[in-house]
Amino acid sequence: MGAEEDGASTLKSWVQGQRLSGTQLSADGSSLTLDGTSLNASNAYEIAHESKTCRYTLASMYLQILDPNQALMAYRGACKKHGVKDPVKALDKPTVVGYFLGGQAEGENQDSAEAATDSSAVPKKPEETPPKKRSRDDDDHHHRRKSSSSREKEDRHHRSKRSKESHRDRDRRDERKRLSSSSHKESTKDKKKRLGTPMTNEQLFDKLNAVVDKRSETSKEAAEVQAALAASGFTVSAEDLKKYKDVTDTIMEIPVGNSASILRAAGASEGRDFTRVLDLYNETLKPSRPDANGKSSKSGSGSDRDKKKVGRPHLIGKKPIIILPKGMQPPITMLNGYDFFANATFVPRDVQLKKLGRANAGKGKNLFTRRVGKRQGGGEVEYELIDNPKGKLGDDLREWDRVVAVVVLGEAWQFKDWLKMYKDPVFLFSNSYGYYIGMEGDRMPKDISKWNVKTGKLNRDKRGLDSVTAASFWNGLDEWMAVHKPELLPKQDK
């Protein structure tokens with residue numbers, strides 16, 4: 001151990017010679033100096049005491065033995081101040097203190113024993129021992145103990161102060177809650193007292209009379225108003241009701257069937273005629289027909305009004321398109337899209353490549369037929385799968401109108417080379433059914449929450465659950481097509 005023993009043994013000799021108070025540790029904890037002798041305090045030394053060994057830097061052990069009774073936090077603060085990164089552990093403290101300070105105590109005991117032996121052999125006159133001077137080490141030790149004790153008193157004072165403040169805060173909160181609940185109860189009682197009971201008809205007439213008495217300028221005017229409010233002269237006998245039964249029934253019951261009957265009932269008594277309004281309304285319901293000059297004209301036949309209006313005739317008989325994402329990242333692409341949408345089965349990419357072979361990887365099926373529900377016509381619809389809409393549909397807006405669903409990747413760059421307004425996710429998912437398909441456990445792309453798209457998950461192992469995700473997609477698409485693009489669905493038989 002040669003070099004390692006020199007530093008520890010030198011420091012131990014300084015301690016035993018009571019020269020520890022004259023040592024100086026550099027601010028960065030790299031050197032320990034005494035009377036021109038400098039030790040490398042950053043070197044680690046292994047020491048042993050009472051069959052137990054430990055290894056620490058010289059600076060760490062020096063700060064520990066400088067004040068063996070110092071508090072743990074004070075010692076750690078000193079280590080941090082001098083940049084010491086291996087403070088002595090609490091379990092190794094007895095070993096360090098015993099190694100450096102135990103030898104000194106043993107030496108003092110041995111000297112006292114020798115002195116006792118000499119005195120027994122040669123009797124001497126007892127001498128008065130002068131009072132022992134307090135050394136500098138003792139002064140430093142006393143000062144540190146005093147400062148440590150004062151810090152502990154301050155800590156206890158602060159803890160007591162914080163406890164009292166917390167008790168006061170809790171008392172204030174309880175007082176506020178009590179006042180709030182009591183004021184709420186009082187306000188509820190005041191509200192009930194203010195509302196009181198409902199006013200009867202007799203009380204209402206009394207109030208009106210009181211108002212008339214206050215606001216009428218002359219007693220004559222007040223008398224006229226009170227006479228008008230009185231019930232005298234308005235009595236109806238049983239004979240009157242029987243005599244005018246037909247008239248009263250007509251007054252009480254006005255048959256109302258539609259908007260036209262409401263207009264007739266409102267204008268019959270005053271002689272108003274709303275026929276012109278009905279004519280204008282009926283004109284707006286007539287479908288437009290081109291005349292001989294090519295201009296549109298209104299037709300008034302009832303059979304034409306009963307015909308179903310077709311908004312996009314160019315879509316009738318066309319195949320609806322489902323756009324799939326490109327690349328190796330998305331679970332559903334053109335490679336396995338047919339199996340998922342036509343057969344409700346998810347085939348992983350690597351399995352499909354082995355099945356088709358890399359030479360035929362780009363030759364997957366892209367057309368399939370599916371029967372829709374009775375609410376959507378009950379017939380069969382042939383769908384087309386594509387992943388390159390720009391090359392397939394070109395710049396023809398009518399062809400782009402065939403797009404009914406877009407399986408999104410979750411990134412906006414998927415639409416960067418698409419046609420005009422279809423690059424905008426807001427317009428795209430207002431004119432098509434957006435759907436995101438991911439694997440369970442994968443993180444959802446952040447843009448999905450900003451778009452009008454539905455989501456579905458595929459299980460990595462349980463293939464029986466593939467049909468659940470496929471059914472979720474088709475149920476949503478059928479409902480969307482029935483509302484937004486019914487021209488692509490079969491005509492419903494009446």
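1. Phe205 counts as partly exposed because its relative accessibility is 40%, where buried means under 20% relative accessible area, exposed over 50% and partly exposed in between, with a 1.4 Å probe and protein chains only. Phe205 lies in helix H6, helices being DSSP runs of H or I with at least four residues and strands runs of E with at least two, both numbered from the N terminus. The residue belongs to a nonpolar surface patch made up of Met199, Leu204, Phe205, Leu208, Val225 and Leu229, which together have about 480 Å² of accessible area. Two elements give two or more residues to this patch, helix H6 (201–215) and helix H7 (219–229), and H6 gives the most, with 3 residues. Patches are built from residues with over 30% relative accessible area and no salt bridge, with nonpolar side chains (Val, Leu, Ile, Met, Phe, Trp, Tyr) joined within 5 Å and like charges within 9 Å.

2. A word on the basis of these remarks: this is a predicted model, in which local features need pLDDT of at least 70 and side-chain atom pairs count only at pLDDT 80 or more, while totals for chains, interfaces and linings use all residues. Residues are numbered from 1 along each chain as its sequence is written, and side-chain values use heavy atoms, with hydrogens and water left out.

3. For the overall picture, the protein has 18 helices and 13 strands, and buried residues make up 28% of its 494 residues. The accessible surface comes to about 34500 Å², of which 52% belongs to carbon and sulfur atoms; accessible areas come from the Shrake-Rupley method with a 1.4 Å probe, and for residues only the protein chains shown count as cover. Among contacts with a separation of 6 or more, 54% are between residues 24 or more positions apart, a contact being heavy atoms within 4.5 Å.

4. Helix H2 (residues 58–66) is mostly covered, with 8 of its 9 residues buried.

5. Apart from neighbours within four places in sequence, Asp339 is in contact with Ala344, Thr345, Val347 and Gln352.

6. Ala344, in the loop between H13 and helix H14 (349–356), has a phi of about 55° and is partly exposed at 26% relative accessibility. Glu50, in the loop between strand E4 (44–49) and strand E5 (52–57), has a phi of about 55° and is exposed, with a relative accessible area of 66%. As background, most residues other than glycine have a negative phi.

7. The count of salt bridges comes to 15, each being a side-chain nitrogen of Lys or Arg within 4 Å of a carboxyl oxygen of Asp or Glu. One of them joins Asp92 and Lys52 at 3.8 Å, N to O. This pair links distant parts of the chain, 40 residues apart, with Asp92 in the loop between helix H3 (72–81) and helix H4 (93–121) and Lys52 in strand E5. Asp92 is buried at 13% relative accessibility, whereas Lys52 is partly exposed at 34%.

8. Two further pairs can be set side by side. Glu399 and Arg402 form a salt bridge with the closest N and O atoms 2.5 Å apart, and both residues are buried. Arg371 and Glu380 form one with the closest N and O atoms 3.6 Å apart, and both of these are exposed.

9. Finally, Arg312, Asp401, Lys485 and Glu487 are linked in a network of salt bridges. Asp401 lies in the loop between helix H16 (397–400) and strand E11 (403–408) and is buried, with a relative accessible area of 13%. Not counting residues up to four places away in sequence, Asp401 touches Arg312, His314, Leu315, Tyr422 and Lys485.
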